[in-house]
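Take a look at the structure below.

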Amino acid sequence: MAAAEFDIQYIARLARLELTPDEEKKMSAQLGRILDYIEKLRTVDVSEIEPTAHAVPLVNVTRPDVVCPSLPREEALRNAPVQVNGLFMVPKIVE
Amino acid sequence: MLHTFTISELSARLGRREISAREVMQSCLDQIARVDGRIHAFLSVDEADALAQAEAADQLLAREGAAGRPLLGIPVAIKDVIAVKNQPLTCASRILDRFISPYDATVIEKLRAAGAIVFGRCNMDEFAMGSSTENSAFGPTRNPWDLERIPGGSSGGSAAAVAADECIASLGSDTGGSIRQPAALCGVVGLKPTYGRVSRYGLVAFASSLDQIGPFTKNVADAALMLRVLAGHDPRDSTSVPEPVPNYAAALEGEIRGLKIGLPKEYLIGGLDAEVKSAVDAAVKTLAELGAEIVEISLPHTEYAVAVYYIIATAEASANLARFDGIRYGRRVTGADPVELYCRTRGSGFGPEVKRRIILGTYVLSSGYYDAYYLRAQKVRTLIRNDFLNAFKRVDAIVTPTTPTAAFKLGEKSDDPLQMYLSDIFTISCNLAGICGLSVPCGFTRSPRLPIGLQLLGRPFGEETILKIAAAYERQTDWRKARPEIP
């Protein structure tokens, strides 16, 4: 049964979301109820049915692979939480 | 009183130079000063910028007249999820609370080219996730018809602003009903175009296969005008469709005699408030008297729509919101390493409903569960879409209540997410099927006096038909004459 297998800490980690213990508890219960509700989809006969990823009959919309102007650097950095020398500053990634 | 007029009424007077764009904009700003302290439709208003645009509009009017600019001098308010250059773009979230947009969305460029005054950031449910505007990180918006009640969501601010005459029209976005439901609850017209009709470039994405931008207006004619300005192919949005844009206003003329309108039996269910049913029944009767043929139809997979939506929309949202990581923009809470930074930033920056949906979306896409949930939901989505396409072989449009009840009280459903989700039952299938839909006022509950909306659903790119039916209905009724009395 989906609800019992729902490991909220694991999923939160995948989603890069820190939850308080209180949030974990409350959300687990709420999501459990929602997942129970979603179970009704198991009863639908979907054999031979193609999935719809996209409601409109468009495929492979492309444009020529040509360099076009994009956002100037200053604009791109304008909302940066921390910037140094025209670069986004981040904590160390590699030891 | 200029703020109480419609686009058409103002355009005529502006064109004749009886009034100025500055007077119109000032009238809206005065109304905002009078009522928005209580309604909170707006998160921010840049008055100086709005008045400067109005001045420019007046100069243009004096030099060239309004020709080719159908919205010249018309103040249009914008849901805070659509990018306007140099204005805030918070999506009603703490994680973007200081973000300033470096560019204009395509719809904003189009509004400007049409001469509109683009102003204000309208309140909404955070990242468009919600049906009541109670999920805003900056406080709810209140329904102008009853300040203890919700205006609907997620475009609650945009709907309330039009209902309270704080602007002449506004833009919202609709992923599962977020334009149509607040339009119904606030007693205004709200239109969700066919998926792909209006560019999503500059719309902060919630669910990329479901989102559409659309207008809130005071009447159907204004909605037709707005749609003509907003619609059209955009090479910057690869999901926008190269379908020619018809003259929607021309479609409003004429009778609806002979049109076939479907009544889906699955929508007339328990949980539908008696007064809502009665108002919708009366509206259907009016349509029949106008010569439309009412046909009972079946949309057999209706009962699965909410479940399908909450798998697909949350899955897409979990992907779309991954970009809010505190690195390039938005709030950052630092950490010893990037992963800790992400977890803390997102944990503190997102509100509970957003976190709930991201977690649900991540789960349904995760290894071992993808087939059972996401893939299965996409297949049921095909069945839902087919229900509509089959129905449209027999009828020209479908009529339903927009919502099962009138506006509920603030706090009434906010503790039970599932209850909140189920209130979207009538609007949600439209987005899954990719078709168009609108809500038009069709009455009020007795006590308290709250608006009720009639929903019309049309085939893909069938906006002309639903606008025509809505206009014919509107001509026979005078719901628009009632205005909320804001204490």
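Leaving aside neighbours within four places in sequence, A:Asn79 is in contact with B:Phe99, B:Ile100, B:Tyr329 and B:Gly330. Two residues are in contact if their C-beta atoms, placed from the backbone, lie within 7 Å. This is a predicted model: local features need pLDDT of at least 70, side-chain atom pairs count only at pLDDT 80 or more, and totals for chains, interfaces and linings use all residues. Residues are numbered from 1 along each chain as its sequence is written, while chains are lettered from A and ligands numbered from 1 in the order in which they are written.

Where does A:Asn79 sit? A:Asn79 lies in the loop between helix H3 (73–77) and strand E1 (83–84) of chain A. Helices (H or I, at least four residues) and strands (E, at least two) are DSSP runs, numbered from the N terminus. A:Asn79 is partly exposed, because 17 other C-beta atoms lie within 10 Å. The cut-offs are 20 or more for buried, 12 or fewer for exposed, and partly exposed in between, with C-beta atoms placed from the backbone.

Now widen the view to the whole contact. Chain B gives 56 residues and chain A gives 44 residues. On the side of chain B that touches chain A, H13(B) gives the most, with 10 residues. That side has 30 nonpolar, 15 polar and 11 charged residues. Here Ala, Val, Leu, Ile, Met, Phe, Trp, Tyr, Cys and Pro count as nonpolar, Asp, Glu, Lys and Arg as charged, and the others, Gly among them, as polar.

Finally, chain B itself. Chain B holds 16 helices and 11 strands. Of its 487 residues, 62% are buried.
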